[in-house]
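Subject: Structure for you to look at

Hi,

Here is the structure I promised to pass on. Have a look at it first, and then read my notes below.

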Amino acid sequence: MKAERREAIARRILGRSPADQCEVLVEYSNQALTRFTHENVHQNVAQTDVSVSVRAIVDGRTGVARSNDIGDDALNGTLERAIAIAKLAPQDLAQPALPVGGKTAPPDDAYDDATATADAALRARLVGTMFDVAEGSAVWSAGYVSSGTDGITVANSNGAMASFDGTQARANVKMSAADASGFAEGLSARVADLDVASIAATAAEKALDTRAPRGVEPGAWTVILEPAAFAELLAYLSEHFSAQSFDEGSSFFSGRLGESLLGTNVTIRDDYAHPSNPSMPFDYEGQPKARVTLVENGVVRSIVTDSYWAAKLKRENTGHALPAPNADGPQALNLVVEPGTASREELIARTPRGLLVSRFWYIRTVDGKQTIVTGMTRDGTYLIENGKLAGGVRNLRFNQSIVEALRHCEFSSELRRSGGYSYSMVVPTVKIEGFTFTSTTEF
Amino acid sequence: MQFEDLAGRALDDAVARGCDYLDIRFDIGRAERVEVRNGVVASLADAASTGYGIRALVDGAWGFSAASDLTDRGVDDAVARAIGLARASASVSRTPLAAAPTIAYVDSFATRVERDPRDVSLGERVALLLEAERALHVGSAIAVGRAWIDLWQADKYFYSTIGSKIEQRIVQSGGGITALAVGGGDVQERSFPGDRGLYLSGGWEVVSGARLAENAARIGEEAVALLAAPQCPSGTRDVILGGSQVSLQIHESCGHPAELDRVMGWEANFSGTSFLELAQLDRLRYGSNGVTIRIDNTLPGGMATCGYDDEGTKSCASDIIREGLLVGYEMSNDTARAIGRTSNACVRAQSWEHVPMIRMCNLNLLPGNVPFEGLFEDIKDGVYMESNRSWSIDDRRLNFQFGCQIGWEIKNGRRGRMLKNPTYAGMTPQFWNSCDAVGDADSWFAWGTPNCGKGEPMQTGRTTQAAAPARFRNVAVGVGYEG
């Protein structure tokens, strides 16, 4: 569904709304994913939907209703439901006015028509290429290729009206040998950018390189985290930059803006317009997104806000609202870490003894305030000896403060986009001294 | 009826196009959430979503399309798309994986509901939460209080080319409270009931039965007390886990590894594989003799309780672990057929737009015969832990580390002082083999989990792991906080 149609739906609702303030969020999604295992497609799915969410504010009382029925009567019904809910809600006089919006422009290359219209035959060809690599390497493959488009329109009765269309393509593969596995991924707004042969070859190489893994002792290690591993770790720091956790005291950075808390080589931004990860230039309240420097040379510089928390803390609204209703506060969802100067290979070459981690798994917070998290390595964990990769090791569990890790780190010069189901960011490979592993597993 | 007409059109079209099998599942989903945060209603929302998912089987391969366009043309397009996806799957797959279901049912099912949540006014819902949340604030150290209610209803209409016609109404409800205490550079959290709230299939009686307001002051006081409590020691101890934590232990270390799609590598790139390999079936001593873990999708109140799963298989009960021995898996039609068994109805889809896949359903540790107090009796030096705070396990489900919100020292058979940051770790089969006592039926409860993640695209499942408190010997505790 094109932006013009979504905006027409929004205008229709706003034109009929008797609420003091009204916000309309129209989301369109058309996504497909071809998933495989053992060189067979076991799941091939396509989903299309449009949904409309209405936030009505009546006398300081807020209600939200959502429906995927976009018939005229149904739109009226969704509006009426939101108002009815609002009238029953307690009054919240701290609720600020909805943003008035502003001019925004989508980042370059956020939308690619070929990706929006990519069909099952194209994805089958791409997974077939990965099957060929698996068979040629005598390993088996599991993964997926996905493609699709999302469109979003946010409008409100204070004048905000913003639309964005983006595309996403992704290839993700794990290659498995008898006693080892390797992982690689590629993400882009353009399906044509997915070099699936190279992605598959990287995963297969890792599986073959790490066969017959040896056991190593847990303890403090020098580690080199490749982008997929580093991004998953960093995702657990992003909530510490939220104005909500900052104000309530659960953030490590609470009350510590301006302090040097990370290594002097650490600069982290939230940047919706990074060319490797172009995303929507406004938030779910229609506020234009600011490109925010969160950490500069180790000094914590800023947090992210939405309209509620900007008003409460008397800070600028940085445009990081999530969809209403939102009990989690504003979030920095597009982290970018400033790269270093050494290549990944140079980081390895300068490591007398350490571990290279391709990917983490199941990271969870152990102690939120102290940013201590635990998790496992998986799918390509190497020993480094005398500056060279020296075969695979059995996977290990870590318990590590993220902040502490970022006090003793060095970044590679290459940036990669990586993402999970709840984050998408652009990061380099990172070398960390004294990374704490606490146990090992059997594979 | 609109759905039946549209379904007939889809099934006829499938046959005409040479499709080997097709099913279409209409789903009218309704989700309502109310959340109060620090005295403010942070969420008062009502979401409705209607659509259909179509599975098409062609040449031993599946295609799945989902759409919300409830017109003839919309259904025609979705059928064509599903068949196109199936043909694309078949074109590149090396071997056929799939076969059509063979047993058709014409039936209906509805969750037993004592009080329809729709009969409870928004005002009553909000008032309950405001009262409970207010009671959490027992002092200035409580930085965040939260209280919430979730209400879900799904009306499903399933039709297939082998003649199934199944109508179901599934109603699930839940709620909980959480207090976050901040002080002295520390943050501590307490929740009730369990760590995620109380979630059951049923109506408003689930929410009112949770007794949130009655327990809120105690939960707030415990959160504050944890700030000053001593750290859980590190070392080897006997451990008693509260029922909700045993529930999570079952979920992570039995429920997920026993999913047969994981065992067969279908989830390898994301959720991982499993140490419960096929060669271990009927051989692996998973746990001690007192450990029997059973799928029961007919369990009253279970979040996964229904008449039929989302590929039209009738709900049933079957053992996964019987007196410590691995004897079964959670299965779909295709995976069961691959190992010469029949499905035990463990297939679910989050909504109409999600493909049905194997999900952990109601998977329960059967109660033992030890009263709760009796679990403590012969422990000289141990830790009792309640309510999960952190959970992590490797991608074959062996090496785990879990943390709880609160613990208590056990000395010479008696519960002693409160401990903060209790954690424990181990390897799954060794841990379950160290279980020497499971609480009795009086302490057994159907703990529900509303947010189990699996699959790509990611789906959220609602599941129950009924459990009683249980005792484990010689467990590593205080992990992650050594030194």
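A definition to start with: two strands pair if DSSP finds at least two bridges between them. Helices (H or I, at least four residues) and strands (E, at least two) are DSSP runs, numbered from the N terminus. This is a predicted model, where local features need pLDDT of at least 70 and side-chain atom pairs count only at pLDDT 80 or more, while totals for chains, interfaces and linings use all residues. Residues are numbered from 1 along each chain as its sequence is written, and chains are lettered from A and ligands numbered from 1 in the order in which they are written.

**Between the chains**

Strand β3 (residues 61–67) of chain A runs parallel to β2(B), and 4 bridges join them. One pair to look for is A65(A), whose bridge partner in β2(B) is D46(B).

How many residues of chain B are in contact with chain A? There are 69 of them, facing 70 residues of chain A; in contact means that the C-beta atoms, placed from the backbone, lie within 7 Å. Strand β2 (residues 40–58) of chain B brings the largest share of chain B's side, 12 residues. By class, that side of chain B has 34 nonpolar, 24 polar and 11 charged residues. (Ala, Val, Leu, Ile, Met, Phe, Trp, Tyr, Cys and Pro count as nonpolar, Asp, Glu, Lys and Arg as charged, and the others, Gly among them, as polar.)

**The two domains of chain A**

Chain A splits into domain 1 (3–198) and domain 2 (213–443), with bounds that come from an automatic or database domain assignment. Their C-alpha centres lie 24 Å apart. The contact takes 36 residues from domain 1 of chain A and 32 residues from domain 2 of chain A. On the domain 1 side, β6(A) gives the most, with 5 residues. That side divides into 20 nonpolar, 9 polar and 7 charged residues.

**Helix pairs in chain A**

Helix α4 (residues 120–137) of chain A packs against helix α5 (residues 196–209) of chain A at about 30°, with the axes 9 Å apart. Axes here are lines fitted to C-alpha atoms, for helices over the stretch in contact, and angles run from 0 to 180 degrees between N-to-C directions. α4(A) and α5(A) are therefore roughly parallel to each other (angles under 35 degrees count as roughly parallel, over 145 as roughly antiparallel, 65 to 115 as roughly perpendicular and the rest as oblique). The residues in this contact include L126(A) and M130(A) from α4(A), and A200(A) and L208(A) from α5(A). By class, the contact of α4(A) with α5(A) has 10 nonpolar, 2 polar and no charged residues.

The axes of helix α1 (residues 3–16) of chain A and helix α2 (residues 72–88) of chain A come within 10 Å and cross at roughly 50°, which makes α1(A) oblique to α2(A). Here I9(A), R12(A), I13(A) and R16(A) of α1(A) meet L75(A), N76(A) and L79(A) of α2(A). This contact of α1(A) with α2(A) has 4 nonpolar, 1 polar and 2 charged residues.

**A sheet in chain B**

Chain B has an open sheet of 4 strands in the order β12-β11-β10-β15, with antiparallel pairing. Its edge strands are β12 (325–326) and β15 (363–365) of chain B, each pairing on one side only. Helix α6 (residues 243–255) of chain B packs on this sheet and touches β10 (293–296), β11 and β15 of chain B.

Cheers

Technical notes: Contact = placed C-beta atoms within 7 Å.
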